[in-house]
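Hi everyone, thanks for coming. Please have a look at what I'm putting on the screen, and then I'll walk you through it.

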Amino acid sequence: MKNFFPARLHVILARKEPVGLVFRRGPSKQVCTLLWDRKQDTFVLGQWLKGRIYERRSDLSGDGKYVIYFAMNGKWDSQTKGSWTAISRAPWLKALVLLSKGDCWFGGGLFTSDRTYWLNEGWSHTMLRDSSEVRRDQTYQIPAYYGGECPGVYYLRLQRDNWQYIDRISSGNCERMDIFEKSLKKGWVLRKFAHAELYHIEGKGCYWDKHELCHRPSGTTLSYPDWEWAEWDRNRLVWAEKGCLYKGSLRSNRLQDIQLIYDFNDMTFTPIQAPY
């Protein structure tokens, strides 16, 4: 009997507006995007893709209007050469800007303002479609280099969004773990363990995260190995676990008032046209 794995979730929160973009993956070669209204905790489905979106090489503009993403469908003889970087209007995937790639090194990028972006170039991008709605930032210089795969964008995004890089722990089995921390309130710290593994755990990709909460005044540490994404959203903690999105509040030395926001597990592929 084939093992069942919950949907994989990754979320990017807009920095200026109370919205977010949810990447929902499952089965492994199907992914969709949803716009999250963080005031009402409601969701608008964007589009599905039969392929792979590398969510750690993606970004949402500060106002939540645009998304840059790197995707692969393996159709190497197509116009996009099987992989591409695109910029679209969130939460849809239809490209306003489209750059073919042809391999899975580098790709994706970050927004340097609401309408300008840094392209994680590497090599072999070819412009197929451009748009006056956004423009490439030719002056941006990355503050640190983390390689040609997902950490090369993801770690820059984390640090831009006020995560502090703490340390790297490596082993001799092509495995490493980078530790990030974000200070919350009342002595709480959210800690992220970003794993990169060649021989990864079944049900996880080469890159995956786990988390813990540390209450420094009391010395309490709460471990959450099943949290695949977690972030501080105004006055609440939000996280993804086993295909579901949750929220909770921090009090003294515990996490409480835990509530399910949405269960994404039962979603299935549906062809959807973008409204532009």
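Let's start with an open sheet of 4 strands, in the order 19-20-21-22 and with antiparallel pairing. Keep in mind that what you see is a predicted model. Which strands stand at the edges of this sheet? They are strand 19 and strand 22, residues 254-263, and each has a single partner strand, so one side of each has no neighbour in the sheet. On average, neighbouring strands here are turned by 25° against each other, if we ignore direction. Further in, strand 20 and strand 21 run antiparallel and are joined by 5 bridges.

Now back to strand 19, which covers residues 227-233 and includes W232. Is W232 buried or exposed? Its relative accessible area is 18%, and the cut-off for buried is under 20%, so W232 counts as buried. Setting aside residues up to four places away in sequence, W232 touches L13, L184, K185, L237 and L250. Take K185: 47 residues separate it from W232 along the chain, yet their C-alpha atoms are 9.9 Å apart. The W232 side chain also reaches the backbone oxygen of R234, at 2.5 Å.

L184 is worth a stop too. Beyond its neighbours within four places in sequence, L184 is in contact with L190, L213, W232, L237 and L250. And L184 comes up again in the largest nonpolar core, which has 23 residues: it is one of those that touch the most other members, along with L190, L213, W227, L237 and L255. Helix 1, strand 16, strand 19 and strand 20 each give two or more residues to this core, and helix 1 gives the most, with 5. Apart from that core lies another, of 18 residues, including L21 and V31. As a general point, nonpolar side chains in soluble globular proteins tend to be buried together.

Last stop, strand 16. How many of its residues are buried? It's 10 of the 10, so strand 16 is largely enclosed by the rest of the structure. W188, L190, K192, A194 and A196 point one way, while V189, R191, F193, H195 and E197 point the other. Strand 15 joins strand 16 through 9 antiparallel bridges, and I179 has F193 as its bridge partner. Strand 17 also pairs with strand 16 in the antiparallel sense, over 9 bridges, with A194 standing opposite D209.

Technical notes. Residues are numbered from 1 along each chain as its sequence is written. This is a predicted model: local features need pLDDT of at least 70, side-chain atom pairs count only at pLDDT 80 or more; totals for chains, interfaces and linings use all residues. Side-chain values use heavy atoms; hydrogens and water are left out. Buried means under 20% relative accessible area, exposed over 50%, partly exposed in between (1.4 Å probe, protein chains only). Contact means heavy atoms within 4.5 Å. A polar contact is a pair of N or O atoms within 3.5 Å; within protein, one must be able to donate a hydrogen and the other to accept it, and residues adjacent in sequence count only if both atoms are side-chain atoms. A nonpolar core is a set of buried Ala, Val, Leu, Ile, Met, Phe, Trp, Tyr and Cys residues joined through side-chain atoms within 4.5 Å. Two strands pair if DSSP finds at least two bridges between them. Axes are lines fitted to C-alpha atoms, for helices over the stretch in contact, and angles run from 0 to 180 degrees between N-to-C directions.
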